[in-house]
Amino acid sequence: MEFFGHVIDGAEVKSSGGETFTSVDPYTREPWAEVALGGAAEVERAVAAARRAFDEGPWPRMGRAERGRLLHRLADLILEHADELGLADTRDMGKPITQSRGNDVPRAADNFRFFADHARLTTAETLPMDSGHHAYTRYEPVGVAAAIAPWNFPLMLETWKIAPALAWGNTVVLKPAEDTPASATILARLALEAGLPPGVLNVVHGYGPDSAGQALTEHPGIDRITFTGESATGRVISAAAAGHLVPVSLELGGKGGNAVFADADLDNAVSWSIKAIFTNAGQVCLAGSRLYVQRPVFDEFIARFTAAAEAMCLGDPKLDSTQLGPLASKTHYRKVRGYVETVAEEGGSVRSGGLGDGWFVRPTVITGMPATGRHQREEIFGPVVTVTPFDTEDEVVALMNDTRYGLNAMLFTENLSRAHRVSARLRAGTVWVNCFFVRDLRAPFGGAGDSGVGREGGTFSREFFTEPKAVVMQID
Ligand code: TXE
């Protein structure tokens, strides 16, 4: 079995007591990697190392061009190790290799390139004042950022947090999800190879409650917490952050509504709607898990959509031909299975799909589910979609907004006025019109309600990972 250690102060290390846990490959359902299991002691060492690297090391004092050069070097190394990184996420959580190696790895590299360049090119306001003074703004690093990551897009979401934190001169302690530890250790090894000084990027493995995750969020030596995961965990982390007045950024769950109007280009709508719910086996906070189709095209849409769902290739996620892998873990499979098994008792019917072998759930299309039912209200986080007909624009806006989440929404229409009108009325951090999951790193990303607090991306990440300072000078 491969071994993945913590990376603390420039070295890959074991836990002080030698504790480990294993990561299970959800396709073979066998352990494939042994991982150092950290707790409060390892968090203490990592935060101390990050603190030293921030207070005394070269990283925050380095010019932005030099920091950017090292982060671009790291991006190069990520691409050079695309096979290794992609396979690590695929073995940890069953994501098809075409998605991990083909999508997440390049996006991880791009995160470092984008935020390095963004920091370098950022301008700051200068404010001429009538009083014979002027003021200008400095964006200064905040210190040690704690990043807590989920298992559904391990490398991509970790780098999404780490890249802006580092680009702005902070140091980082990352706690990856316990189901997906491998790519984080590989990333930290590559960061050292790229020339990032010791202590700038630290990784501590472990669980959440009563383990490394909790110890990290409660540690008095951290200055920011950035978290992606479940809404309930977000509340706990928010309370921990409040305990020591640390700003927190929370990207939580979602229950994305997806409206297909009768005037939509149906080929386009079917193709994106399939991606919206079945990419990564639906284990996506942005998943389009509530599909609404205007009544005149309902039957045609359902026929085409279920045919496309049934044509998806399930199998070994390590193969290029596989489009849908198993669910990420036994615990998670059981959760999703619980939803599939209760469709009839909740009043719906399964049009296609259902349970597969092992930890597979086939692309599952449900109709007839009441809007008040669990399947329409809770984040299933699997390849399971409810499809509901609607008649009017007002009706579908009300249905889509009838959720405690507010992360994203999709709509398909060829009517330009409707596209703008409905986009404005939806309560969502992102609205995709005639597409899905297209992202510009300058755009705000995050959600309302139970989907989180704060935004990431471009200037939004800058606001979070810096302390803006006003310097006021007398001219005469
Ligand atoms: O999430 P958790 P889980 C949703 C999805 C999924 C459900 C549960 O619905 O079925 O959450 O997934 C760490 N202090 N999403 O259990 O528990 C934990 O170790 C500090 C949505 O994996 O939130 C891991 O690193 N850390 C989502 C991370 O938090 C704690 C992505 C996420 O774990 C902690 C993933 C604590 N008290 C799941 N408790 C999205 N928004 O994309 C846990 N952790």
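The largest pocket has a volume of about 980 Å³. This is a predicted model, in which local features need pLDDT of at least 70 and side-chain atom pairs count only at pLDDT 80 or more, while totals for chains, interfaces and linings use all residues. Residues are numbered from 1 along each chain as its sequence is written, and side-chain values use heavy atoms, with hydrogens and water left out.

Some terms. On a 1 Å grid over the protein atoms alone, a pocket is an open set of points with protein on both sides within 12 Å along at least five of seven lines, a cavity is a set where a 1.4 Å probe fits but cannot get out, and lining residues have an atom within 4 Å of a point. Points are joined across faces, edges and corners, and a volume is the space filled by probe spheres set on them.

The lining of the largest pocket has 41 residues, and Trp 151, Phe 227, Gly 229, Glu 230 and Thr 233 lie nearest its centre. Helix H8 gives the largest share of that lining, six residues. Helices and strands here are DSSP runs, numbered from the N terminus (helices H or I, at least four residues; strands E, at least two).

What sits in the largest pocket? The ligand does, meaning that more than half of its atoms lie within 2 Å of the pocket's grid points. Around the ligand there are 29 residues, and Trp 151, Lys 175, Glu 178, Lys 335 and Glu 379 come nearest; a residue counts if one of its heavy atoms lies within 4 Å.

Now the polar contacts, which are pairs of N or O atoms within 3.5 Å; within protein, one must be able to donate a hydrogen and the other to accept it, and residues adjacent in sequence count only if both atoms are side-chain atoms. An oxygen atom of the ligand is 2.6 Å from a side-chain N or O atom of Trp 151, and an oxygen atom of the ligand is 2.6 Å from one of Glu 178. For Ala 149, a polar backbone atom is 2.8 Å from a ligand oxygen.

The second largest pocket holds about 420 Å³ of space. Of its 19 lining residues, Gln 99, Lys 275, Phe 278, Thr 279 and Asn 280 are the closest to its centre. Helix H4 supplies the largest share, five residues.
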